[in-house]
Amino acid sequence: MTTGASGAPAAPGRARFRRPPLSVWTERLIETVVIASGVSAVVFVAVILFFVVREAAPVFVSEHFSLREFLFSIEWYPTSLVKVRYGVAAMIVGTLAVTTLAMALAVPFGIGAAIYLSEFCGPRLRETLKIVIELLAAIPSVVWGFLGLTVVNRLLILLFGASVGLNVLNAGLLLALMSVPIVVSIGEDALKAVPDAHREAALAMGATRWQVVYRVLLPAARHGLLAAALLGVGRAVGETMAVLMATGHAVQIPGGLLDPVRTLTANIAAEMGEVSQGSEHYQVLFAIGVLLFAITFLVNLTADLVVRGVRGK
Amino acid sequence: MRVPRRFVTAALAVVLPLAVLSCGGRRHGVATVLLDRGSDTMINVAQAWAEAYARVAPEVSVEVAGGGSGVGIAALIEGTVQMANSSRPMKPAERDRLRAARGVDPVQIVAGYDALAVFVHRDNPVASLTLAQLEAVYAEHGAAERWSDLGIRNTACPRDTIIRISRQSSSGTYDFFREVALRNRDFKLGTLELNGSKEVVELVGHTPCAIGYSGMGYATPAVKMVPLARAAGAVAVAPSPRATLDRSYPIARPLYVFVAGEPEGETRRYLDWMLSPPGQAIVAAVGYVPLPAGHTEAGR
Amino acid sequence: MFEATPQALRRRRQERIATSVLAAMTFATVVPLFAILGYLLVKAWPSLSISFLIEPPRDLQTHGGIWPALVGTIYLVTVSLAAAAPVGVLAAVWLNEYARDNWFTRTVNLAVINLAGVPSIVHALFGLGAFVLAAGLGQSVLAASLTLAVMTLPVIIASTREALAAVPWAFREACWNVGATRWQTIRAVVLPNAISGVLTGVILQVSRAAGESAPILFTGAVMYKAVEKGDLLPYGLNESVMALATHLYNLVTQINGAPESLQFATATVLVGVVLLVNSTAIVLRVVLRTRRKW
């Protein structure tokens, strides 16, 4: 018998009785509809990529545009009357800066919380805390941006004497809070997936709970934990509204955490509404979209391979 | 054919809400819809006009959207809107495109005036600035990086840095400031480019080290508007309706509404109302400068 | 004889320190939600009222309520759900119940994962290029909803698959053994048993669709629409709308002279709507889990 994707045996073929033809026909029709739906998912990804690349394509072959300038120059002057320049390097650094800071905060706290929930918590408390963390993830991005613009802004000037409160630190804090739920959720799944036998064996040898975590569980779950971190990265890189409002949207390479920056996503959001369709500026913004697509594709692919590596074991 | 009940329920759950929602739509009795897009600077006044006009002519609905002067003009060229708000004149290339696409010339109507004020935090002691100083602060390769470079002791700012705040690069306000204050040079990298006129002033109000520019009507008690002088030694003028109209304030501009060809019908009625006393009272209420009396015909 | 050795004492101290640190870390991830909700409520209080919810904005949107935006969000969410849920559930059914493990299925899997990771702004670009321009829908409820649908589709597929996979294999085998076809099995046994997971996944995406602003920024959401107080069906499907998320953004960046409490009140309503929907999903999940037959 052939097997389906989940190892299922195929439905019985020729049986001893004959099915009513209408039922067979309905079955085939439904199967077609279902397959079409499945295919549509592939189609959408392909179509999204196609559209974004198509709108961006003309600029890649245009003569004023140089791919090297695009990727390596920090000068972004799409509407200049002096010299039009399309360099996104500063924005790539901006995206990297806020994402790195966000992960530096979210990963330790997230995995710490995941360990606590998985190993040190009673079941009742665990369910409650998991719900709270899930609700944290539901807060919309524009609300985070709003909080960054009003609350965190003033806090940073007050506490750190920052010249301006919209900077890498502001956005990094917000992104960390936005990514922590994913890290906790997937990290906890990864820890739960480690068989109890590992724990029991370590405990039987006299290890304390922390020693079990530190010496047995973390190494055993490291692939899942890495995937959790990577998915958190994916979330942070793709974030738009919150960083638009909290980074200060300044094109520059930050000298420190208190300097404003601009991310790739925020750049598209801020300028897309104001370009005329088909213009060079429009095409370059789509080119940034292609770049973003590539970055998140890589991050997701890595996460998927890492997780697959676990299952393959 | 016996259709299973669950299937019918599921199908209804999808189709029914769609059917109900498609019944919605334009207010009862609304015969015409006018679409007005463009300048974010003008969006508040455009919307105030739309709101007030709904009481004057309930059978007409005016829909307002922003996106920037360029977007409004582009929409006018494509024919998806009847009116485009713009805080800058139409570029020759845009005029040509309109002629080519719609076969008519654009008609430019001046609906009011706006002064671009330079804002600093209210604790910043600066008394006035010249256009040259503004250029030194904002322009690429400009020499002023710190308040002390301008000869100003900004006691409110311990680090003495100038935090430059601007609008985003595709905004008409940005274009206009660049033209007058920077003489069309580019802005320095590291300038914070914010998305809304109000956001600029809000941020300056929280940031003692900051300097920013935005429409005069967006002032708040947390900031102060800096009087500007065209040149060193000239008299520094503070932004005000009078200074805007007599052009003594250096950074003042008209606010335009563009239409394709001579306006007719409901569009014409709306534009006439906009330029009439009730419409102009709204311009003043929003914080812009209304047309001087006697100029209430559609200007060119 | 049973005195603890120095090493054991050290280990026990380590254990205590570790537990406290981990608990503190968990606390740090849990407290922000309450802090944020509390702060929003306190700052929003002066503006919050029933009339805030059902009245339209007035005086250049500096006073009044958020009714058009609230209704607009409901429109967007409903239409996008009507589009995404059937396609997503059926796609998951195909992937989990019908598909054989070959290169094509693996590609589909990869595609779904990638679609889930696409940044919301790229979805916005796609929506602009495909629905607003190419399909000629213009800035409308349809264009914005379809963009949201494409955004929520992959997560609906993923969570439905999980729910379907959780139904024990034995159930399916039992059906086949009495002669049911694959679709009959799915319709009568698998889907009903997976319904809690499916519904939860769908409802969670509802809250996400309600909260997103980037995908609707240039595909259908505008700054101002004249809507009467309490008008339940103010928008046509081909018209542009106001939406809560973009309305908050406009209030913060563009609208001049609104009291701070108005901004906070809008944010509170948005967060409230989203949390309400999420809580419904969570409650549903808990309730239906107790009714499970395995």
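Contact is taken here as heavy atoms within 4.5 Å. The model is predicted: local features need pLDDT of at least 70, side-chain atom pairs count only at pLDDT 80 or more, and totals for chains, interfaces and linings use all residues. Residues are numbered from 1 along each chain as its sequence is written, chains are lettered from A and ligands numbered from 1 in the order in which they are written, and side-chain values use heavy atoms, with hydrogens and water left out.

**View 1. The interface of chain A and chain C.** In this contact, chain A contributes 86 residues and chain C contributes 85 residues. The size of an interface is often given as the accessible area lost when the parts come together. Buried area is accordingly the accessible area (1.4 Å probe) that two parts lose on being put together, summed over both. For chain A and chain C, this area is about 7,600 Å², with 77% given by carbon and sulfur atoms.

View 2. A salt bridge places a side-chain nitrogen of Lys or Arg within 4 Å of a carboxyl oxygen of Asp or Glu. Between chain A and chain C the count is 3 salt bridges. Arg209(A) and Glu15(C) meet through their side chains in a salt bridge, at 3.4 Å from N to O. Polar contact denotes a pair of N or O atoms within 3.5 Å; within protein, one must be able to donate a hydrogen and the other to accept it, and residues adjacent in sequence count only if both atoms are side-chain atoms. Between these chains, 7 residue pairs are in polar contact (both at pLDDT 80 or more). On the side of chain A that touches chain C, helix 1 (residues 21-61) of chain A gives the most, with 19 residues. Helices (H or I, at least four residues) and strands (E, at least two) are DSSP runs, numbered from the N terminus. By class, that side of chain A has 58 nonpolar, 21 polar and 7 charged residues. In this classification, Ala, Val, Leu, Ile, Met, Phe, Trp, Tyr, Cys and Pro count as nonpolar, Asp, Glu, Lys and Arg as charged, and the others, Gly among them, as polar.

**View 3. The interface of chain A and chain B.** Here 37 residues of chain A are in contact with 35 residues of chain B. The two chains bury about 2,800 Å² between them, 52% of it on carbon and sulfur atoms. Across this interface there are 3 salt bridges. One of them joins Glu193(B) to Arg262(A), with the closest N and O atoms 2.9 Å apart. Strand 1 (76-77), helix 5 (141-160) and helix 11 (264-272) of chain A each give two or more residues to the side that touches chain B. Helix 5 of chain A supplies the largest share of that side, 5 residues. The residues of this side comprise 19 nonpolar, 11 polar and 7 charged.

View 4. Ser145(C) belongs to helix 6 (residues 141-166) of chain C. Because its relative accessibility is 0%, Ser145(C) counts as buried (under 20% relative accessible area; exposed is over 50%, partly exposed in between; 1.4 Å probe, protein chains only). A polar atom of the Ser145(C) side chain lies 3.5 Å from the backbone oxygen of Leu76(C). Leaving aside neighbours within four places in sequence, Ser145(C) is in contact with Tyr75(C), Leu76(C), Val79(C) and Ser80(C).
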